[in-house]
Amino acid sequence: MLGAATASYRGRICVRGISAIPAFIISRILQAIPVLLIVGFIAFALFAFVGDPVNIMLGTSYTEADRVRMTHELGLDQPFLVQYIKFIWAVLHGEFGVSYRLARPVSSLIAERLPATAELSLAAALFAMLVGIPAGVYTGIYRNAFTSRVFMVLSLVGVSLPTFLIGILLILVFSVLLGWLPSYGRGTTVAIGGWTTGLLTVSGLKALVLPAITLGLFQMTLIMRLVRAEMLEVLRSDYIKFARARGLTNRAIYFGHALKNTLVPVITVAGLQLGGIVAFSIVTETVFQWPGMGLLLVQSIQVGDIPVMSTYLLLVAVLFVIINLIVDMLYFAVDPRLRVGRAR
Amino acid sequence: MRALDSDLVYNFRRSPIAIISTLIVVICVGAAALAPLIAPYNPFDLASLNLMDSMIPPAFLPDGTAAHLLGTDNQGRDLVSAMMYGGRISLIIGLSAVVFATIVGILVGLTAGYAGGAVDAVLMRIADVQLTFPAILIALLVSGVVGVALPPSLHEKLEVYVLIFAIGISRWPQFARTVRSSTMVERGRDYVLAARVIGLSGPRIVLTHILPNAWGPVVVIATINIGGSILDEATLSFLGVGLPATQPSLGTLIRIGNDYLYSGEWWITIFPGVALAALVLSINLLGDWLRDAVNPRLR
Amino acid sequence: MSALLDVQDLSVDFPTRRGRLHALDRVSLSIQPGEILGVVGESGAGKSLTGAAIIGLLEPPGVIVGGQVSLEGRRIDKLPPEQMRRIRGRQIGAVFQDPLTTLNPLYTVGRQLVETMQTHLGLSDRDAKARAVQWLVDVGIPGAAERVDAYPHEFSGGMRQRVVIALALCAEPKLVIADEPTTALDVSIQAQVIALLRRLAREHGTAVLLVTHDMGVIAETCDRVAVMYAGRVIEVGSVAAVVHRPSHPYTEGLMASIPALRARVDRLAQIDGAMPRLNAIPPGCAYNPRCPKVFERCRHDRPNLMPAKETQAACWLYAEGAVHG
């Protein structure tokens with residue numbers, strides 16, 4: 001009798017535990033499709049209706065025959081729906097049109113610029129998490145200590161200063177006054193296959209320091225404040241009091257019990273902030289003349305290079321969808337309560 | 001209502017941060033609003049500019065003069081005056097963008113909340129999609145696209161409105177969500193049913209009965225958004241997609257000065273930068289304080 | 001006979017901006033090995049605080065300002081944090097009120113048991129796991145061998161409190177402080193949990209300090225009982241004496257206000273007024289403004305515990321030469 005009850009209980013857990021993960025992820029992917037379609041439509045609409053690509057491509061002197069030929073080459077004489085389907089088809093094959101400004105395929109422009117932005121964003125994200133989480137734990141545990149107060153004041157300044165100003169100040173101090181670090185560019189890069197990396201040379205690594213700190217500072221302070229707030233909340237909880245009453249060591253209590261419970265909200269915000277890092281890499285790349293996608297975008301916007309703009313929009317949308325998916329999967333890994341099919 | 005006001009006053013007096021922030025905001029807004037009256041020079045008056053006066057360091061440095069307290073920029077503009085006029089433009093754009101976002105957000109939120117059903121689903125789905133992207137990215141792309149769509153001859157004339165539109169459009173979903181949820185709560189209340197029974201029209205019920213109940217959170221969100229909007233404008237201008245050098249905002253001044261950082265003329269970029277940071281920090285602190293004072297639960 | 005736990009004149013203050021609040025005022029208690037001592041009183045009388053002070057887990061800004069706590073003759077109230085930590089769990093276990101919040105939701109119950117035992121007993125992973133399963137069997141969790149890998153949210157409230165009891169006892173402490181262990185549970189489950197606690201205490205020879213406001217639980221479970229009022233212990237004695245023949249007027253009032261199941265009473269007695277707040281404790285006996293038998297001395301002098309009828313009571317009625325009884 002008892003055995004049967006237990007077996008059926010076990011069965012339920014197993015079924016839910018195993019089947020819930022794919023179902024959950026599939027539903028997330030399904031939810032992402034309309035987002036991508038909307039963004040894709042906007043990107044296409046920009047492409048098709050904003051400005052006159054033919055004019056821009058031809059420059060100032062052209063004949064009517066040139067014009068007709070160009071219109072036909074770009075496929076702009078076809079019906080709307082055909083253009084849209086062609087657009088989606090091309091996008092799915094990695095073809096994003098030709099840059100008006102540079103007269104080169106956008107896909108190869110992006111491919112050239114992607115490594116710079118990826119390395120910068122990852123370095124900034126790592127900086128934000130590796131400094132932000134321990135600082136948050138520290139200020140949460142020793143909230144009245146002098147160093148905690150210093151951290152908190154600094155973080156308030158960090159949250160309020162605009163990214164470009166932080167970059168300028170860092171350049172002023174570390175490049176202009178002290179002369180320790182370069183103020184622009186990626187330094188010497190090494191090409192590995194199609195990927196150019198600055199991580200393998202000293203000058204490349206030095207060049208990465210200031211931009212990565214500039215870009216990650218805001219996220220760092222945000223993560224620190226969030227972890228601190230969550231730590232304070234969790235340390236007041238009954239299960240932490242009970243863990244103390246069981247005589248567990250401080251180390252086990254803070255890093256085993258408390259930190260893990262702060263992770264769910266931290267993952268959410270960190271995930272969203274990763275998107276923020278990508279957006280603000282535009283600003284950082286401009287300040288430091290970092291040859292990434294952000295700099296490309298700004299230069300394209302200044303001259304109205306629509307294909308590059310719409311491609312950037314699409315890529316960012318895909319990136320955000322992927323980030324959200326990863327965040328959801330991390331929830332799953334951290335919080336067992338989600339695994340028993342109790343959807344949020 | 002009166003009890004709330006006196007509570008606010010009491011809280012305010014006990015908060016040094018709120019008092020200092022208010023002081024800074026008042027000084028900044030005052031200097032900006034009165035710029036044409038009190039600024040020592042008119043930075044837009046091209047005739048008065050003299051390249052001989054360019055790059056003069058601040059008065060406290062060896063080569064500085066008392067005529068230009070904070071020095072001059074690359075075109076010989078007095079920095080104090082340029083910052084006052086620039087702050088004026090920054091504030092006008094930031095505030096207008098928030099007003100624009102508030103209006104759009106309220107209209108969408110009321111419509112979605114009152115109509116419900118498919119209208120609600122579509123509008124909120126759009127808001128969700130937009131919220132996925134950082135506001136600055138939306139503002140950047142919108143201003144870029146509008147820039148392409150407009151004929152180049154109008155660019156300079158309309159740039160201020162383009163920025164207001166771009167920044168406003170990047171911030172409406174937050175307002176729409178809040179207003180929508182208040183609307184949905186109020187829609188079910190007895191007095192709204194009663195108003196319907198009397199035969200009042202939908203828009204009238206929404207505007208006279210439902211909207212007043214949504215004001216509180218809207219004001220708080222608007223306050224919190226002002227600092228961000230000013231920063232967005234500065235960022236766009238810094239990136240070179242905002243205001244041109246002929247009508248510089250604080251962000252434009254910082255961008256101009258950035259080119260001279262390496263040659264030692266740090267003041268052109270640092271003074272406007274400090275002013276911008278102080279203004280935004282104060283507005284943010286004041287916004288946080290207001291949020292906590294009005295509704296502790298939003299904390 | 002030497003006491004397992006001896007609390008002498010323990011005082012706890014909460015310093016606040018408007019002065020110090022005396023939350024515990026010279027509380028004295030003792031528990032013999034294997035004994036179950038009940039502590040009763042209204043909310044805010046200082047019952048739970050006494051337990052927290054004994055295990056050294058007072059919430060800041062609360063501080064011990066006087067008295068001493070001894071475990072097996074050794075003072076533990078002034079130990080450095082690390083030594084006190086080794087006592088918690090190993091020498092003195094604790095059961096908290098709400099089982100829904102006392103277990104860490106992100107770890108399996110087995111892991112929490114293993115972790116506690118390994119911290120104090122230095123067991124290997126395999127032994128600890130085996131003992132964890134055995135503990136779950138002992139506290140009556142069906143299917144313990146499988147459920148050891150389940151998370152807290154997969155258990156009902158009553159089952160979770162059984163797990164909490166296993167956690168409190170798994171390092172074999174000599175004393176368990178159970179703070180309102182049944183208050184948050186369904187009435188139908190309360191009796192089971194109390195019976196479990198009592199059975200395990202007897203089996204392992206563990207003494208229990210049972211904090212509760214439920215006189216029924218006290219009457220059924222405890223050997224002796226201490227009554228607290230406004231941060232003071234005002235009466236101590238055997239359960240039978242305190243429940244049926246109380247000495248202190250407050251205890252009398254308390255017992256009269258409990259509805260008995262079998263007896264038909266037209267009206268329940270009630271005590272007029274309310275327990276004073278900590279910042280407004282009257283001079284003399286804290287109970288004097290509400291006491292039906294108050295006389296002059298009660299308003300000025302604070303009584304300590306003194307022999308009274310069959311118990312010890314802090315009441316001037318029992319002072320030598322008193323004629324007011």
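**How do we know? Questions about a three-chain model**

Modeller: Among contacts in chain B between residues at least 6 apart in sequence, 68% join residues at least 24 apart; two residues are in contact if their C-beta atoms, placed from the backbone, lie within 7 Å. This is a predicted model, in which local features need pLDDT of at least 70, side-chain atom pairs count only at pLDDT 80 or more, and totals for chains, interfaces and linings use all residues. Residues are numbered from 1 along each chain as its sequence is written, while chains are lettered from A and ligands numbered from 1 in the order in which they are written.

Biologist: Thanks! What makes up chain B, in helices and strands?

Modeller: Chain B has 12 helices and 0 strands. Helices (H or I, at least four residues) and strands (E, at least two) are DSSP runs, numbered from the N terminus. The C-alpha atoms of the chain fill a box of roughly 75 × 50 × 30 Å along the principal axes, and buried residues make up 45% of its 299 residues.

Biologist: Why is H6(B) called largely enclosed?

Modeller: A residue is buried if 20 or more other C-beta atoms lie within 10 Å of its own, exposed if 12 or fewer, and partly exposed in between, with C-beta atoms placed from the backbone. In H6(B), 12 of the 15 residues are buried, so the helix is largely enclosed by the rest of the structure. Among them are Ile136(B), Leu140(B), Ser143(B) and Gly147(B).

Biologist: How do you know that the span of H6(B) agrees with what it should be?

Modeller: The expected span of a helix is 1.5 Å times one less than its number of residues. For the 15 residues of H6(B) that gives 21 Å, and the end C-alpha atoms are 21 Å apart, so the two agree.

Biologist: Which element gives the most to the side of chain B that touches chain A?

Modeller: There, 33 residues of chain B are in contact with 30 residues of chain A. H6(B) gives the most to that side of chain B, with 9 residues. By class, the side has 23 nonpolar, 9 polar and 1 charged residues. Here Ala, Val, Leu, Ile, Met, Phe, Trp, Tyr, Cys and Pro count as nonpolar, Asp, Glu, Lys and Arg as charged, and the others, Gly among them, as polar.

Biologist: What makes up the side of chain A that touches chain C, by class?

Modeller: In this case 24 residues of chain A are in contact with 27 residues of chain C. H9(A) gives the most to that side of chain A, with 7 residues. The side has 10 nonpolar, 6 polar and 8 charged residues.

Biologist: How do H4(B) and H5(B) pack?

Modeller: Their axes are 7 Å apart, at an angle of about 140°. Axes are lines fitted to C-alpha atoms, for helices over the stretch in contact, and angles run from 0 to 180 degrees between N-to-C directions. Residues making the contact include Val108(B) and Ala112(B) of H4(B), and Leu123(B) and Met124(B) of H5(B).

Biologist: And why is H4(C) called largely enclosed?

Modeller: By the cut-off for buried residues, 10 of the 13 residues of H4(C) qualify, so this helix is largely enclosed by the rest of the structure. Its buried residues pack against H10 of chain A, together with H5 and H7 of chain C. After H4(C) comes Gly122(C), whose phi is positive, near 60°.
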